[in-house]
Amino acid sequence: MIKEKIVEEIKSCEKLLIGIGEEWNAKETGDIKELYEKLNRMIQGKDYFIVTTVTDGEIRKSSLDQKRIVAPCGNETWRQCSKSCTKDIWEPLEIPDDICPHCGQPLTGNTIKAEEYIEEGYLPQWNAYTYWLSATLNKKLLLLELGVGFQTPTVIRWPFEKTASINNKAHLYRIHGSFSQLSDTVKGKADAISENSLEFFRSL
């Protein structure tokens, strides 16, 4: 069965790249904390990196190694000036009244939904990710895409296909309830699983 195969490949791969997309939005998932902890247990001891487009910040509360996670779309729990008067980004509750101390405007989530997204928050981790990714060539690389649709395909979906296509030892599993389609570039190097990634992962 495909689930047993994935579990075995997690154990045997040299490098593990995980993409987490919009199906993992905590607002619609009551057990999201348990799912992140399950993921942490499954990949303990592996050389992994996680790219997530989910902005609710729940992954930041998990036991997963935070140095191995990048969130290019931002994090709602981090705050920035809604008018981007400064490049400052604040941790949760660092500014109790949620008002910019520089210009007096309300703060907002440091995400791509902001009027002007301040990207400095994720860029150091993005550099760490690209460095890690450069060392995966010619390694046995497993790519797991969990619930990644077309909201921001340039972050995970298309780059993962490219990575799988150029690495002879890579294999991609794309798991999504509606958008599991694969491009021709990864034929023979990828499997599409048409199932909600949360349901799929719960039963792994």
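## Close-up views of a predicted model

**View 1. Phe-150 and a nonpolar surface patch.** Phe-150 sits in the loop that links β6 (141-146) to α4 (157-166). Helices here are DSSP runs of H or I with at least four residues, strands are E runs of at least two, and both are numbered from the N terminus. Together with Trp-158 and Phe-179, Phe-150 makes a nonpolar surface patch of about 310 Å². Patch residues have over 30% relative accessible area and no salt bridge; like charges are joined within 9 Å and nonpolar side chains (Val, Leu, Ile, Met, Phe, Trp, Tyr) within 5 Å. A salt bridge is a side-chain nitrogen of Lys or Arg within 4 Å of a carboxyl oxygen of Asp or Glu. The areas come from the Shrake-Rupley method with a 1.4 Å probe, and for residues only the protein chains shown count as cover. Phe-150 counts as partly exposed because its relative accessibility is 41%; buried means under 20%, exposed over 50%, and partly exposed in between (1.4 Å probe, protein chains only).

A word on the model: it is predicted, local features need pLDDT of at least 70, side-chain atom pairs count only at pLDDT 80 or more, and totals for chains, interfaces and linings use all residues. Residues are numbered from 1 along each chain as its sequence is written, and side-chain values use heavy atoms, leaving out hydrogens and water.

View 2. Which residues of α4 are buried? They are Arg-157, Phe-160, Glu-161, Thr-163 and Ala-164. These residues lie on the same side of α4 because they cover an arc of only 160 degrees around the axis, taken from the directions from the helix axis to the C-beta atoms. An α-helix has 3.6 residues a turn, so residues three or four places apart point the same way. The exposed residues Lys-162 and Ile-166 are on the face turned away from the buried side of α4. The buried residues of α4 pack against β1 (15-20), β2 (48-52), α3 (123-134), β6 and β7 (170-175), where contact means heavy atoms within 4.5 Å.

**View 3. Strand β7 and its sheet.** An open sheet of six strands runs in the order β3-β2-β1-β6-β7-β8, with parallel pairing. β3 and β8 (190-193) are the edge strands, each pairing on one side only. Two strands pair if DSSP finds at least two bridges between them. β6 and β7 run parallel and are joined by six bridges, with Leu-141 opposite Ala-170 in β7. β1 and β6 also pair in the parallel sense over six bridges, and here Leu-16 stands opposite Leu-142 in β6. In β7, six of six residues are buried: Ala-170, Leu-172 and Arg-174 on one side, and His-171, Tyr-173 and Ile-175 on the other. In a regular strand the side chains alternate between the two faces of the sheet.

**View 4. Thr-55 in its loop.** Thr-55 belongs to the loop between β2 and β3 (69-70). Is Thr-55 buried or exposed? Thr-55 is buried, because its relative accessible area is 12%. Leaving aside residues up to four places away in sequence, Thr-55 touches Cys-73, Gly-74, Asn-75, Glu-76 and Thr-111.

View 5. Leu-93 lies in the loop between β4 (74-81) and β5 (107-111). Although Leu-93 is not a glycine, its phi is positive, about 65 degrees. Leu-93 is exposed, with a relative accessible area of 78%. Asp-98 is found in the loop between β4 and β5, and its phi is near 60 degrees, a positive value in a residue other than glycine. Asp-98 is partly exposed, with a relative accessible area of 26%.
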